[in-house]
Amino acid sequence: MLSGTLICRSWISEKRRDIRLTEAFAAALEQMEGEIRWKNLPMPRILQGLQKNARCGEFFQFVCGEMRQGSDLYDAWQKACGTVPVKAAEDLLRRVELCGDAQQIMGSLHLAADEAHRLAAAMTQRQRQNERLCMALGGCLTAMLVIVLI
């Protein structure tokens, strides 16, 4: 019974961590859009500020590191996308257009942030259903084991 609980708990915490990471990327994309729109900051400076993010800062550290080594923003961004553990979030980040004028970049960031919020909401809903299913399955298996042992 304890091992079943621990397995469920581990699985649940891993999936919740993925949801929090997706939400963190949504917030970071919104922050990037806001800093371009209201502060008119260049992209390298924005990315440096996002390195401090507790959840997705490693992604932005990777992008900045690649840019310091001579990669352009697009290539550095694409390489960093390969480090994202959540496949759906990785796909979303790969579609972000970081070229063009400020309006195009802000539009792309805004759309990606909205999509990331929707993705996180869908992941949350699926996770709730899966948690209930996991707990019910664990309870059934425990009950069957008790019956067999009696």
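A residue counts as buried when its relative accessible area is under 20%, as exposed when that area is over 50%, and as partly exposed in between (1.4 Å probe, protein chains only). The structure examined here is a predicted model, in which local features need pLDDT of at least 70 and side-chain atom pairs count only at pLDDT 80 or more, while totals for chains, interfaces and linings use all residues. Residues are numbered from 1 along each chain as its sequence is written, and side-chain values use heavy atoms, with hydrogens and water left out.

The protein contains six helices and zero strands, where helices (H or I, at least four residues) and strands (E, at least two) are DSSP runs numbered from the N terminus. Its radius of gyration is 20 Å, well over the 15 Å that the globule rule gives for 150 residues, so the protein is more spread out than a compact globule. This radius is taken over C-alpha atoms, and the rule is 2.2 Å times the number of residues to the power 0.38. Of the 150 residues, 38% are buried.

Now for the aromatic rings. The whole structure holds five aromatic pairs; rings of Phe, Tyr and Trp (its six-membered ring) pair if their centres lie within 6.5 Å, and planes under 30 degrees apart count as stacked, over 60 as edge-to-face and the rest as tilted. One of these pairs joins F59 and W77 edge-to-face, at 5.0 Å centre to centre with 90° between the planes. F59 lies in helix 3 (residues 57-68) and W77 in helix 4 (residues 73-81), so the pair ties together parts 18 residues apart in sequence. W77 is buried at 1% relative accessibility, and F59 is buried at 3%. Together with F25 and F60, these two residues form one aromatic cluster.
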